[in-house]
There are 2 protein chains.
Amino acid sequence: MPDKYRSPPPTLPPEQAQAERFEKARSAQATAVLEDYAELISDLIATEGEARPTDIARRLGVSHATAIKSIARLKREGLATSKLYRGVFLTEAGENLARRSRARHRLVVDLLVAIGAPRAAAEADAEGIEHHVSDETLAAFARYLNRK
Amino acid sequence: MPDKYRSPPPTLPPEQAQAERFEKARSAQATAVLEDYAELISDLIATEGEARPTDIARRLGVSHATAIKSIARLKREGLATSKLYRGVFLTEAGENLARRSRARHRLVVDLLVAIGAPRAAAEADAEGIEHHVSDETLAAFARYLNRK
DNA sequence: TTCGAAATGTAGCCGAGGCTACAAATATCC
DNA sequence: GGATATTTGTAGCCTCGGCTACATTTCGAA
Ligand SMILES: [Mn+2]
Ligand SMILES: [Mn+2]
Ligand SMILES: [Mn+2]
Ligand SMILES: [Mn+2]
């Protein structure tokens, strides 16, 4: 089969490739809140025995009304449940998200520190960066930290 | 002056420190769109001679109506100007933002690649990560790349 | 020069995630 | 047990950044 009949290489026009990168960043942003809540709820249950909306709100630095609305979204998406005045619980899917998010969060902090960022900056920046690190990049982080 | 009369160390309660990290991430997110637009408009003017709303929209993967609305925000915040049917231009402040954003974007991609992330993943992830890298962390990135 | 295509702008809708203010339920303390 | 404080929930508002649909302006080609 001569070259002229082969399908073209899957190299997207650079314009479209750029649009896809922006798309991906937007979609990562859309799940950032869910990841932060799942991670935090899991932490609160582990350390305090329960995750109450008021504590979640204080830790996040938002009003309790905002926290309750976001918790409603977690429930809507099947990540959490809650009984009236009984705190918030994670479903199996929520636990999984929390676990993955916590692991990624830690790896990001560790990598930033290993590169030479001040601890405080690393911890602050990781809170936003974590939501945009793909599995491939995360794997590279892990390899790098092991090598060191 | 005995220790007991010194003001306490500026070590915030960990709860409040966490809230501040989340707050910082939220505020970084609020400027992400401005940074992406500024960088893109600057690139378009450099490579195409002009930055038209339609081209901006296609590059970002959004509708032209969305692009126009975001451009309105850039104008509102003193970062851009535009004449009807004459494309978009950056103010001095806009140029500065574009320059800083582009430099940060490149450094982030370079660092991810240096760590061992696949090029495509590095470029995709950088589009989101860049908005959360503080000056201190950025400086650490630069030092690391120079050392190598 | 005219007319159709392309670009630009406007209007109106949506959901997410902020907020304040108020209402109701529960917990706590005397 | 009853008053008070805390927690939780609801209602209603805002901005941002998505979208579609439609109107208008400019451009380009016949
Ligand atoms: Mn996190
Ligand atoms: Mn986070
Ligand atoms: Mn960028
Ligand atoms: Mn970006």
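A donor, in what follows, is an N, O or S atom within 2.8 Å of the metal, and because water is not among the atoms, sites may look incomplete. The structure described here is a predicted model.

**The manganese pair in chain B**

With that definition in hand, the metal site of chain B can be read from its ligands: the manganese ion (ligand 4) and the manganese ion (ligand 3) lie 3.7 Å apart and are bridged by E130(B). The protein donors of the manganese ion (ligand 4) come from D36(B) through OD, from E127(B) through both O and OE, from E130(B) through OE and from H131(B) through NE2, at distances of 2.0 to 2.3 Å. Along the chain these donors follow the spacing D-x90-E-x2-E-H. Distant parts of the chain are linked in this way, since D36(B) belongs to helix α1 (residues 14-48) of chain B and E127(B) to helix α5 (residues 119-129) of chain B, 91 residues apart. Are these two residues buried or exposed? D36(B) counts as buried because its relative accessibility is 11%, under the cut-off of 20%, and E127(B), with a relative accessible area of 3%, is buried as well.

**How the two chains are related**

Chain A is superposed on chain B by a rotation of 180° with 0.0 Å of shift along its axis, and the RMSD is 0.0 Å. This is the relation of a two-fold axis. Within chain A, the C-alpha nearest that axis belongs to I129(A), which is 2.5 Å from it. Both copies use the same surface, in that 100% of the contact residues of chain A recur in chain B.

**The surface near DNA strand C**

Around DNA strand C there are 20 residues, of which S63(A), K69(A), R73(A), R52(B) and T54(B) come nearest. The residues of this surface divide into 9 nonpolar, 4 polar and 7 charged. At least two residues each are supplied by α3 (64-76) of chain A and by α2 (53-60) and α3 (64-76) of chain B, and α3(A) gives the most, with 5 residues.

| Side chain | Atom of DNA strand C | Distance |
|---|---|---|
| K69(A) | base oxygen | 2.4 Å |
| R52(B) | phosphate oxygen | 3.4 Å |
| K69(B) | base oxygen | 3.5 Å |

Technical notes
Residues are numbered from 1 along each chain as its sequence is written. Chains are lettered from A and ligands numbered from 1 in the order in which they are written. This is a predicted model: local features need pLDDT of at least 70, side-chain atom pairs count only at pLDDT 80 or more; totals for chains, interfaces and linings use all residues. Side-chain values use heavy atoms; hydrogens and water are left out. Copies are superposed by least squares on the C-alpha atoms of residues with pLDDT of at least 70 in both. Contact means heavy atoms within 4.5 Å. Donors are N, O and S atoms within 2.8 Å of the metal (3.2 Å for Na, K and Ca); water is not among the atoms, so sites may look incomplete. Helices (H or I, at least four residues) and strands (E, at least two) are DSSP runs, numbered from the N terminus. Buried means under 20% relative accessible area, exposed over 50%, partly exposed in between (1.4 Å probe, protein chains only). A residue is near a molecule or strand if one of its heavy atoms lies within 4 Å of it. A polar contact is a pair of N or O atoms within 3.5 Å; within protein, one must be able to donate a hydrogen and the other to accept it, and residues adjacent in sequence count only if both atoms are side-chain atoms. Ala, Val, Leu, Ile, Met, Phe, Trp, Tyr, Cys and Pro count as nonpolar, Asp, Glu, Lys and Arg as charged, and the others, Gly among them, as polar.
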